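Here is a friendly walk through a protein chain, written to be read with the model open beside you.

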Amino acid sequence: MAFLQTILAFVVALGSLVIVHELGHYWVARLCGVKVLRFSVGMGKIVFSRRFGPDQTEWAISILPLGGYVKMLDAREQNVTGMSPQDLKREFTSQSVWRRMAIVAAGPLANFLLAILLFAGLYSYGMPEPTPKIRAVQEQTAAYQAGLRGGELITAVNGEPIQIWSELRWKVLQGVVDKTAVKLDVQRPNPGPSGGNLLDSLSLSVDGLTTKDLEGDYLGKLGIALARPKAVLGKVMPDGPAMQAGLREGDLITAINGEPISDGLAFVERVRAAPGESLSLDGLRNGNSFTLNVTPEAQQANGAAIGLIKVEVPLAPEMIVASSPPLQALVKGAKRTWDSSMLTLKMLGKMVIGEVSWKNITGPITIADYAGQTARIGVISYLSFIALISISLGVMNLLPIPVLDGGLLLYYSLEVLTGRPIPERVGAIAQRAGIGILMTLMIVAMFNDIVRLIF
């Protein structure tokens, strides 16, 4: 069932992005008066087609599900001898260079527009996410050196307000890629008798990270983790070690063997790490302190023994539904799309110079896996995934590689500068080189996919 869901999620995601991309070419071609002969979703042999519309355009589905194309009336591909003057005026190469550039650029721009609209819709709807509240920070980490201790709420990064945890991750990610310190505006509890909150501004150094660290938990490597609730016990299971030791629902555990426990996650981790070991628990019950001894049961998990005392411990972080007015959401969507595009280009540049591993290049297998995972999480995650893939598709198509839209735009830009099209022989050589580059990238992507699948 999960496999079928993954395939369906992949087909829907990729199919919708291809359709949007090719519709961009189609609509602008029609707007410029160019005759469109075929609109195909997929490549290779046509398995289904129908003709309709004023030009009797052939709308087709082809056998290879990766990609698609819009076939226009083009003197380089079709014999236009004997064609009516009206149709000749609608031939692609007879259009001005600016019109040809607009038609070619419309595909990637349609992908960017889709991403903007998807992000704007998500920002407007509101996404329930954890608040950017920090867990207790360990010493000898960049976060500790910056002044974070735990319990702080981060309200802005580099002067831009944030509301949710994913925004914190995104802003820090940009700092790591740009190798610049990240400025954090924080709100921390006031330990004084007056209570309330204190406002502070800190500088978080990311010098200890490289772009290769982006493949893992880069926030964790900086010492930043999501805050969890205090170690307040939930339901205590009958006849379990916790019940036998005298623990009760609502007890707050403050220390184990004299070592302070910062939150529920720290409590769970400490218990799991002590199968069969007697633990001395300090805690509070109805405002009164107590000390009890409990011995976790040993249980096998993934080939190793873990400790269990059979008690529920709530670990869900503090959540918030952050929504924006439609116009503000649209602006945020456009900014997120721009930032993601720039980040993609920077990462590609770092791959070229060797600062980022080529293992980050992914193919259809990995994309399908992510499509399935996000679809199982929920609609919001799935739509966010589609928006990010749409941005990647737009950026990749704008790269100045022959046979891609970016390569054609490069040709036409040279035509604008020189006043004449590039020679056919040069174009043919460049096209063969472009196919070679694309084949190399596809081989690398498939290799990375297989390695991830096996290992």
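## Helices and what they pack against

Helix H10 covers residues 364–377, and its 14 residues reach 20 Å from the first C-alpha to the last, close to the 20 Å expected at 1.5 Å a residue. Please keep in mind that this is a predicted model. Which residues of H10 are buried? They are Thr-366, Ala-368, Ala-371, Gly-372 and Thr-374. These buried residues pack against three helices, namely H1 (2–31), H11 (379–397) and H13 (424–454). After H10 comes Gly-378, with a positive phi near 155°.

H1, one of those packing partners, can be checked for length as well. Its 30 residues should span 44 Å at 1.5 Å a residue, and the end C-alpha atoms are 43 Å apart, so the two values agree. H1 is followed by Gly-33, and the phi of Gly-33 is positive, near 85°.

## A four-stranded sheet

Next, find the open sheet with strand order S9-S8-S10-S11, where the four strands pair in antiparallel fashion. Its edges are S9 (259–260) and S11 (288–294), each of which pairs on one side only. As a reminder, strands of a sheet pair through backbone hydrogen bonds, in either a parallel or an antiparallel sense.

Inside the sheet, S8 (residues 252–256) and S10 (residues 279–285) are joined by four bridges in the antiparallel sense. To find your place in this pairing, look for Ala-255, which stands opposite Asp-282 in S10. On to S11: S10 pairs with S11 over seven bridges, again antiparallel. Here Leu-281 stands opposite Leu-292 in S11. S10 and S11 form a hairpin with two residues between them, and Asn-286 in the turn has a positive phi of about 55°.

Met-43, Val-47, Phe-48, Ile-61, Ile-63 and Leu-64 make a nonpolar patch of about 550 Å². Strands S1 (36–52) and S2 (57–72) each supply at least two residues of this patch. Ile-63 is a handy one to select, and it lies in S2. Is Ile-63 buried or exposed? Its relative accessible area is 51%, and exposed means over 50%, so Ile-63 counts as exposed.

## Salt bridges

How many salt bridges does the count come to? The total is 19.

| Residue pair | N to O distance |
|---|---|
| Arg-76 and Asp-74 | 2.6 Å |
| Asp-178 and Lys-346 | 2.7 Å |
| Lys-310 and Glu-297 | 3.7 Å |

In the Arg-76 and Asp-74 salt bridge, Arg-76 is exposed, with a relative accessible area of 58%. Asp-74, by contrast, has 6% relative accessibility; it counts as buried because buried means under 20%.

The side chains of Asp-178 and Lys-346 also meet in a salt bridge. This pair links distant parts of the chain, with Asp-178 in helix H5 (residues 165–178) and Lys-346 in helix H9 (residues 326–353), 168 residues apart. Asp-178 is partly exposed at 35% relative accessible area, and Lys-346 is partly exposed at 36%.

Lys-310 and Glu-297 likewise meet through their side chains. They too link distant parts of the chain: Lys-310 sits in the loop between strand S13 (304–308) and strand S14 (319–322), while Glu-297 is in strand S12 (residues 297–301), 13 residues away. Lys-310 has 38% relative accessibility and counts as partly exposed, as does Glu-297 at 32%.

There is also a network of salt bridges to look up, which links Glu-160, Lys-171, Lys-335 and Asp-339.

## A loop proline

Finally, select Pro-229, in the loop between helix H6 (218–222) and helix H7 (241–245). Pro-229 is partly exposed, with a relative accessible area of 28%. What does Pro-229 contact, leaving aside its neighbours within four places in sequence? The contacts are Asp-263, Gly-264, Pro-314, Leu-315 and Ala-316. For a sense of scale, the C-alpha atoms of Pro-229 and Leu-417 are separated by 63 Å, and the two residues are 188 residues apart along the chain.

Key. Residues numbered from 1 in each chain as written. Predicted model: local features only at pLDDT ≥ 70, side-chain atom pairs only at ≥ 80, totals over all residues. Heavy atoms only, no water. Pairing = 2+ DSSP bridges. Patch = residues over 30% accessible without salt bridge, like charges linked within 9 Å, V, L, I, M, F, W, Y side chains within 5 Å. Areas by Shrake-Rupley, 256 points an atom, 1.4 Å probe, with all protein chains shown as cover. Salt bridge = Lys/Arg side-chain N within 4 Å of Asp/Glu carboxyl O. Buried < 20%, exposed > 50% of the residue type's maximum accessible area, 1.4 Å probe, protein only. Expected span 1.5 Å × (residues − 1). Contact = heavy atoms within 4.5 Å.
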